[in-house]
Amino acid sequence: MRPVTRVVRHALVPALGIFVMASAICPFAAGAETGTSPSAIDDAAQRIATAFEEIQKAAETITDVATAVAANKVGQAADKVAAVASTTAAGMRKLTQPGLYDTIYARKSVRDFTDQPVTCEQLAELLRAAMAAPTAMDRRPWRFVVLTGRPAIDDLAKGLRSGGTVAKGQAVVVVCAEAENEQAAALPGMHILDAALASQNLLLAVEAEGLGAVWTAVWPMEAAIAHVRQTLGLPANVVPINVIPVGYPKGEFKPKDKWDPATIHWEKW
Ligand SMILES: Cc1cc2nc3c(=O)[nH]c(=O)nc-3n(C[C@H](O)[C@H](O)[C@H](O)COP(=O)(O)O)c2cc1C
């Protein structure tokens with residue numbers, strides 16, 4: 001079998017098949033059935049399309065290799081083979097990497113927002129991502145209060161230290177932790193950690209959606225906890241952890257490079 005035919009049979013046809021299948025799925029319907037985020041499906045379809053382009057480039061180069069070999073230009077052929085290997089590897093990397101690192105490193109606190117509203121679908125995506133976080137004993141003690149209306153957001157913002165920032169949000173997510181009695185006794189504080197992890201997932205999803213947000217603190221400040229509890233009517237066993245205003249960033253906010261090898265102790269402190 002000629003090299004080009006082999007590539008078409010083994011790489012292009014399956015890649016095209018996967019791409020066509022992925023694009024044919026209605027993202028929302030598929031998400032509802034499988035629990036997979038519609039954004040994740042879009043993301044996967046996009047990555048498959050890009051990988052397909054890379055593999056297509058590799059196939060074109062293989063034709064050049066065959067031409068060079070036929071013309072007895074062995075050195076040129078070897079260079080082209082190396083190029084094929086590298087473009088194919090790049091394509092496969094795009095196929096298998098979910099872009100998570102890009103999102104992690106792009107995340108930053110955003111404290112000012114445009115007037116563009118955040119849709120219910122976007123908020124649902126953020127909450128779905130929040131609920132994908134790990135929790136102790138898989139208890140999932142997170143609870144969320146989502147505010148999208150102006151008087152409600154302003155009332156909540158009024159009593160908070162970062163209320164000015166909160167009031168600028170087009171929507172606000174209050175992440176809470178519900179303590180079950182026996183859990184609270186056996187594992188005190190674990191529900192707070194669980195809600196914090198959900199919050200971090202939510203902040204990453206905000207970045208992935210092209211939105212901005214910032215964690216503004218509520219827990220462990222008693223006065224702030226009391227204000228949020230009273231304003232939102234939270235039950236006594238529900239602790240508000242933070243108030244997260246969400247919207248489209250207004251102005252420039254840059255992620256910080258926090259890599260610091262001095263904070264790492266290998267094997268022993
Ligand atoms: C537990 C916690 C509490 C925070 N509280 C506030 C706050 O009350 N107000 C605020 O503007 N930002 C708050 N932040 C955001 C931090 O100031 C911000 O994450 C930090 O400066 C690092 O910047 P970055 O998020 O852009 O990487 C808080 C973040 C965390 C994790």
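Helices here are DSSP runs of H or I with at least four residues, and strands are runs of E with at least two. By that count, the protein has eleven helices and five strands. The model is a predicted one.

Of the 269 residues in the protein, 28% are buried. Among contacts with a separation of 6 or more, 75% are between residues 24 or more positions apart.

A residue counts as buried if 20 or more other C-beta atoms lie within 10 Å of its own.

β2 pairs with two other strands, taken here in turn. With strand β1, residues 142-147, the pairing is antiparallel and runs over six bridges. One of the residues involved is L147, whose bridge partner in β2 is V172. With strand β5, residues 238-247, β2 also pairs in the antiparallel sense, over eight bridges. V172 takes part here as well: its bridge partner in β5 is P245.

The remaining topic is the ligand. K108, S109, R111, R161, S162, T165, V214, W215, T216, A217 and K256 surround it. Sorted by class, this shell holds four charged, four polar and three nonpolar residues. Among the residues around the ligand are K108, R111, R161 and K256, and Lys and Arg count as charged. V214, W215 and A217 are also in the shell; Val, Trp and Ala count as nonpolar.

Notes: Residues are numbered from 1 along each chain as its sequence is written. This is a predicted model: local features need pLDDT of at least 70, side-chain atom pairs count only at pLDDT 80 or more; totals for chains, interfaces and linings use all residues. A residue is buried if 20 or more other C-beta atoms lie within 10 Å of its own, exposed if 12 or fewer, and partly exposed in between; C-beta atoms are placed from the backbone. Two residues are in contact if their C-beta atoms, placed from the backbone, lie within 7 Å. A residue is near a molecule or strand if its C-beta atom, placed from the backbone, lies within 6 Å of it. Two strands pair if DSSP finds at least two bridges between them.
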